[in-house]
Amino acid sequence: MTDVIHTRAELAAALAAVPGEVAVVMTMGALHEGHRTLMRVARERSAFVLVTIFVNPLQFGPNEDFEKYPRTLDADVEACRAEGVSVVFAPSRDEVYPGGAPQVTMQAGPIGDLLEGASRPGHFAGMLTVVQKLLMLTRADVAFFGEKDYQQLTLIRRMVRDLELDVDIVGVPTVREPDGLAMSSRNRYLSADQRRAALALSRALRLGAEQTDADAALAAATKILEEEPDVRVDYLALTAPDLGAVPAEGPARMLVAAKVGTTRLIDNVALRLEPPPR
């Protein structure tokens with residue numbers, strides 16, 4: 001049985017009864033198979049899994065989709081029940097920010113100014129602030145995040161390390177539709193034609209990841225994206241796994257963001273670079 005709670009007092013009471021590890025999956029609702037995969041992975045590790053559902057206003061810019069972001073609590077709760085989640089914590093804005101908009105927030109540092117941070121100023125400060133608050137409120141021992149939001153995952157790991165937070169952050173591989181499109185709550189905004197165009201993102205990453213040279217990887221991905229006129233690329237980047245400078249060889253990450261219609265999509269893939277033959 002999944003309990004649904006909305007207040008800090010209810011959350012504290014629920015946590016007081018937990019004898020072991022607390023595993024947390026943080027979401028903004030509109031749950032899909034990607035979220036359910038996070039729950040399943042969490043259930044494999046911990047007997048007590050808590051899912052948070054909160055659309056965080058701090059991480060939306062003035063021209064972004066906070067008001068129209070899908071809110072489907074009843075369906076979300078049913079999904080959590082089907083996955084054996086112990087507790088769903090679905091607080092109001094006042095419950096998370098009882099003093100109004102916080103005056104003290106997290107700063108994302110240099111990584112937060114790159115890629116998504118350059119396109120969405122303030123987004124990562126808002127994200128890290130709510131993640132930190134929810135880690136404290138839920139007393140999480142372990143928290144699970146999808147690799148689709150790779151920069152977010154990287155920043156959360158850095159925050160936990162830099163602030164000496166006693167929580168294990170687990171990244172879970174991106175869940176994709178059968179045609180390769182990365183699952184996202186925003187996919188529902190796409191028309192049939194836009195959805196077909198959006199497949200260029202995963203196709204570009206897949207072809208880029210087949211290359212072992214950095215320039216060739218970027219060239220292969222760029223070619224695919226340029227061939228799809230309905231995809232407006234914000235960035236295509238190749239970095240180290242920690243989002244630092246691209247290595248000469250070894251593990252790397254390719255990340256892309258683009259608009260299809262009015263919908264902004266992101267995706268990424270791991271790849272391995274090799275030195276040129278001698």
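This is a predicted model: local features need pLDDT of at least 70, side-chain atom pairs count only at pLDDT 80 or more; totals for chains, interfaces and linings use all residues.

Modeller: Strand β2 (residues 22-27) is mostly covered, with six of its six residues buried.

Colleague: What makes both faces of β2 count as covered?

Modeller: Val22, Val24 and Met26 lie on one side and Ala23, Val25 and Thr27 on the other, and all are buried. Buried means under 20% relative accessible area.

Colleague: Why are β2 and β3 said to pair?

Modeller: Pairing takes at least two bridges. β2 and strand β3 (residues 48-53) have six, in the parallel sense, so they pair. Methionine 26 stands opposite threonine 52 in β3. From β2 the chain passes through helix α2 (residues 33-45) to β3, a right-handed β-α-β crossover.

Colleague: How do you know that β2 also pairs with β5?

Modeller: Three bridges join β2 to strand β5 (residues 142-146), and the two run parallel. The cut-off is at least two bridges, so the pairing holds. Valine 25 stands opposite phenylalanine 144 in β5.

Colleague: Which residues does the UniProt annotation "binding site" cover?

Modeller: The unreviewed entry lists Gln59 and Gln152. They span 94 residues in sequence, yet no two of their C-alpha atoms are more than 11.4 Å apart, so they gather at one spot.

Colleague: Why is glutamine 59 called buried?

Modeller: Its relative accessibility is 9%, and the limit is under 20%, so glutamine 59 counts as buried.

Colleague: And what makes glutamine 152 buried?

Modeller: Glutamine 152, found in helix α7 (residues 150-162), has 18% relative accessibility. Buried means under 20%, so glutamine 152 counts as buried.

Technical notes: Residues are numbered from 1 along each chain as its sequence is written. Side-chain values use heavy atoms; hydrogens and water are left out. Buried means under 20% relative accessible area, exposed over 50%, partly exposed in between (1.4 Å probe, protein chains only). Helices (H or I, at least four residues) and strands (E, at least two) are DSSP runs, numbered from the N terminus. A crossover is right-handed if, with the strands pointing away from the viewer, the path from the first strand over the helix to the second runs clockwise. UniProt positions are given in the numbering used here, feature names are shortened, and annotations may be inferred rather than shown by experiment.
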